[in-house]
Structure formats: structure tokens, C-alpha cells
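Student: I would like to learn how to read the sheets, helix contacts and pockets of a model. Can we take them one at a time?

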Amino acid sequence: LQQIQSNFIVVINPGSRTLRIGRATDTLPVSLPHVIARRHKHTGQQRYEDLWLLREGLNRPESNEQRQNGLKMVDQAIWSKKMSNGARRIPVSADQARAFNKQMRPAVLDPSSRVKWTNTSHHPEFLVGEEALHVNPTDSYNIHWPISRGQLNVHSGPNGSLVAVLADLETIWSHAIQKLLEIPLRDLKYYRCILLVPDIYNRQHVKELVNMLLMKMGFSAIVVHQESVCATFGSGLSSACVVDVGDQKTSVCCVEDGVSHRNSRLCLAYGGSDVTRCFFWLLQRAGFPYRECQLSSRLDCLLLQQLKETFCHLDQDISGLQDHEFRLRNPESPALLYQLRLGDEKLQAPMALFYPATFGIVGQKMTSLQQRSQGDPEDPHDEHYLLGTQSKQDQSAKAERKGLSKPPGFDGESSSQNPDPADRGHSQDLDAGHSHSDCLMAGTDMEEPPSALLSRKTAISQFEGKALGLDKAILHSIDCCASDETKKKMYSSILGVGGGLVFHRAQEFLQHRILNKMPPSFRRVVENVEVITRPKDMDPWLIAWKGGAVLACLDTAQELWIYQREWQRFGVRMLRERAAFVW
């Protein structure tokens, strides 16, 4: 096989908030907000906008109580950890800051903010990225974020169908390739593509994305790989427990020599934007002087995101009240300067990642594990087929030994054959109990009496309703590894990637939490628990993309390519044959 030229390979890492895309030879990818504004088809059409910092489950009767309880736990944790000089921190109450902030009025820096809404006078059919973010809310455009919590944003509202979401992705990606990478779309037949997908992926969605890239956009070949494995490539580690805190989801899984252990995969339905929203709630308790700030306004969300990134930290040694200032530049208004006094809010908000009750999200599925394949009519030799053809004698012998045959309704996971359509984008029924080598549903379901099977399912569904804190999720993930040897490896190599954990001293903070909570038996044998947040001094949010670019140059990647003509002929079976992970 001829060595493929890396400058003819495009690496795509599609996040919920940010799209990262570039040639495999680029030092850095192009990053743009993963959003599209589409012009209304008819006049008088109602405006629609996908939520950003707001989400389901925040306004339940129990939300506020849960928030307050979470905050109590955060404060307890802050108080119990001493500062590096051995002294206890002196807690600062929100009231102390409130008195000062309540009387603050902004100073006018400039009568004009010099910021403008996106010009839509030529009525473009769509706008992408920054331009879409800055469309005037009074203009006749709908705003769509095609990926939400790491999965395709399929919902029952306008443009929420799978077809519409794929069309939005195609438009955004084509725009980025044409305008930002300066590759004419007609030349894509000379290009190949590496697509990064989440560790807990939806097979139907991956299939549709591959189809779109090869058949609609016209790439000549594709490699699909998991974000966590790419993160280890990007950071130059052979094995690591990868903790990817994104804007809307956090995924944790253990990767060993390029393989993500299926059992160790966890996806938590919270991320950086939840910390931002939590910070806003804390700012309001402290009398936030920009009183018009609204979570439903895109520009205010951008400001809050920026304030979080500027002010929040995980450093126990920063204590007491500090004075800060920030500028507000909104279109059609003056540029303003606000003074602001803050205390512990800056530490409390990021700590919500360890005490997610503080987010106040009620009645939502907060934790997902790897789902069992639902089977695909286009892929007759899938794991269901392999199971069915396992030696029948084997199974009947087992049944006789056990003296029970399997009751109806426990055939594989038939209860999940028709998941709720709203939930289809996320993991369906789960299986927490098999080691990686046992990826096929071997005899286990058959051997369990119905009561045991039910109790395991109940345990899993209870587990899913709970929001695990980040440290607990890491411990759980490592604990699911098959051998103590692997577990030791993971404790000494915890890799933090993604933009949601980029706080001052986050690395030391996470290290301290893991050390204190890991099982004592490991504390004795693991030389050092190491948390790596900036491998090779790289920005954490670029590491997975960088790994995709590294993958493009690996010799071993040659046998992973799926070519357009093969896809046309064999379809999804090619993913089973060629994917670098167990499909």
C-alpha cells in the first residue's frame, strides 16, 4: 500500500459546543462554535433556539433543595481540606460580597461597544459558527446545535429529526472545509477523513455519519476512532484512564495499548456548561451587579463562560474576598465596566464537578454505561448472530444443569428493543458486568435466574439515575478493569482532557481526591498516583484532535480505512470489519 499523504487527510473532532477540524499535517485545528442559524422558510414563523446553558430538570420542585444540599457538601469539603501552610480556610459567606455588589453601578467606557450583530441584510439561507452565535434574536433565524451531550441532538422540536440534524452537520462541516481549510468540496474525492466518536457511541448515528461523509460529502475513505484512544495517542501515553470533561458531558474510560476497555466506559451527563450555570447561580447569590444577565441570551452565556474561565479555580490557598472587574460589550449598547467582589464562589462552582447535586438537575438520566448492540438488519453477522451460532449443545446442557429454561422476555435485552424515541440518542439498556474479552453476551444472561437478572437491571438503573462525582466515576472506571496489574497502571496515569477542567490547580486537586478515596490495597502498591492535565504542554481541548492527526500517520492505520466503494457495496458491515474497536 502506498503511504497516504497526511495533508490529504482531514481530522474531524465534533464536540457539543466546538467543532475542531483540520488537515492531519496542521499544527492546530480550526476551532469554531458548532452551531448553525437557518433562515425561516415563511414569514411569521415562530423563532426557535436550541438550549445552551439551560437544560431539562432544573426547575423541578426538588431542584433548589438539591442545589443547597450539594453546596453544603462542597462547603464541608472546602473547610475540611487545610491550606498548604497547615491553616484552615476561613469561609466567606455570600452576604459579605452581596453588600458591596448590590451598590455597584457600571462605568461607561465608550458610548458605543463597537460590537455588531451579524449582518443578515443579504438574507443568507444559513450562517455558521461565530456568525450564527451573533445573529440578532429579532432576526428571522432559528438556532441549532446539532450535537448535545456528545450525541446527535435528535428531539421532537423544529429541525430535531435525524435527517435534519445530519443536514446541519453536513452544512457546518462543508462550510468549515471550504472556507476555513480552503479545500473545494469537489476535491474531497482526493481526500480522506478521520472521524472521532465518543467512547459510548450510538451505532445508528455513527453509521449515518460515515454514510454522510463518504456518500454525500464525497470523501474517498474514512477511519472512525474513539476520542479516548485518540487522547492517548495525542498525549503520547500507551495506557491511561482518560477523563474527558467536555462542555456538556464527561466521559471516563480506561485505555490500554490503543484499546478502550468496554466495561470501564462511563458517560456523565454534565460538563463545563453546568459549571458555568452553577457559577451564575452563585454570582446571583453574591449580588451579581450585571442584573440583566439571562441564561436564555446567547451573548450572556458567552460572557458567563468567559467569567468562569477567568475567575474560577481549584486552589485551596486562595481565600477571602477579592475585587475583580469585567467588561461588557453588547451590540447597540455602550461598553461598560463592572466592579465585582467575590469570595468562595470561584472555588465552589468547579467543585460541583465532584458534588454534582449542586447542579440541581432532577429526574434526568445522569450516568450511562456502554449499551448492548440492538442489531442492524444490514449487518447479519453481528454479535446477535455470533451468539445464536454458539454451540447449541453448550446452551442446552447448561439449561439442563441449571434445571431452568430462560423465561420469555429475557431474550438478550428485549425490553430495550423499542427505547423511548427521545432517549434513542443515548445509551439504551446496559450491561455492566462483563470483562472486555467477554464482549459477546456469553452464557451469563442464560445462567442467571430471572430474579438475579432483574436485580442487576434495577441496580444499573439506580446507578444511572445518580450523578456520580468526577472522582467517584474515575474510581469506578478503574475498578472495572479486569486485572490488578491494569488497575495499577491506570492509577499511575490519569489523563485529563477537554475544556471543562481547565482550572488553576485542577491537577493537584484531582490527584488529592483520588489518593484519598482509592482502595487502601492499591494505596500500598501504586508508587504514585499521577494526574496529567497538560501533556507536552498542549491545550487539553486539542489533545484528542491531535491524536486523530497522529493516527493518520501510523502504519497500523493502513488497514483501518473504509473506502467509499466498499461502503457503497457492504455498508455498516465494513465498520464491524475495520473499526479499530469492537463494533
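Tutor: We start with a sheet: three strands make an open sheet in the order β6-β4-β7, with antiparallel pairing. Two strands pair if DSSP finds at least two bridges between them. Helices (H or I, at least four residues) and strands (E, at least two) are DSSP runs, numbered from the N terminus. This is a predicted model, in which local features need pLDDT of at least 70 and side-chain atom pairs count only at pLDDT 80 or more, while totals for chains, interfaces and linings use all residues. Residues are numbered from 1 along each chain as its sequence is written, and side-chain values use heavy atoms, with hydrogens and water left out.

Student: How many bridges join β4 and β6?

Tutor: Strand β4 (residues 36–39) pairs with β6 in the antiparallel sense over three bridges. In this pair, R38 stands opposite F126 in β6. Helix α4 (residues 162–180) lies across β4, β6 and β7 and runs at about 110° to β4. Contact means heavy atoms within 4.5 Å.

Student: What is the order of the strands in the sheet of six?

Tutor: The order is β3-β2-β1-β10-β11-β21, an open sheet with mixed pairing. β3 and β21 (562–563) stand at its edges with a single partner strand each, so one side of each is left without a neighbour in the sheet. Strand β11 (residues 221–226) pairs with β21 in the antiparallel sense over two bridges, and I222 stands opposite I562 in β21. α4 packs on this sheet too, touching β1, β2, β3 and β10 (192–197), and its direction makes about 45° with that of β2.

Student: Now helix pairs. At what angle do α7 and α8 pack?

Tutor: Angles under 35 degrees count as roughly parallel, over 145 as roughly antiparallel, 65 to 115 as roughly perpendicular and the rest as oblique. Helix α7 (residues 272–285) and helix α8 (residues 298–311) pack at an angle of about 90°, their axes 9 Å apart. They are therefore roughly perpendicular to each other. On the α7 side the contact includes F279, F280 and L283, and on the α8 side L304, L307 and F311 are among the residues. By class, this contact has seven nonpolar, four polar and one charged residues. Ala, Val, Leu, Ile, Met, Phe, Trp, Tyr, Cys and Pro count as nonpolar, Asp, Glu, Lys and Arg as charged, and the others, Gly among them, as polar.

Student: How do the axes of α14 and α15 cross?

Tutor: The axes of helix α14 (residues 470–479) and helix α15 (residues 484–491) come within 9 Å and cross at roughly 150°. That makes α14 roughly antiparallel to α15. L475, I478 and D479 of α14 meet K487, M490 and Y491 of α15.

Student: What is the volume of the largest pocket?

Tutor: Rolling a probe the size of a water molecule over the atoms shows where empty space is left. On a 1 Å grid over the protein atoms alone, a pocket is an open set of points where a 1.4 Å probe fits, with protein on both sides within 12 Å along at least five of seven lines; lining residues have an atom within 4 Å of a point. Grid points are joined across faces, edges and corners, and a volume is the space filled by probe spheres set on the points. The largest pocket has a volume of about 1100 Å³. Its lining has 47 residues, of which R17, T18, D247, Q305 and E309 lie nearest the centre. α8 gives the most to this lining, with seven residues.

Methods
Axes are lines fitted to C-alpha atoms, for helices over the stretch in contact, and angles run from 0 to 180 degrees between N-to-C directions.
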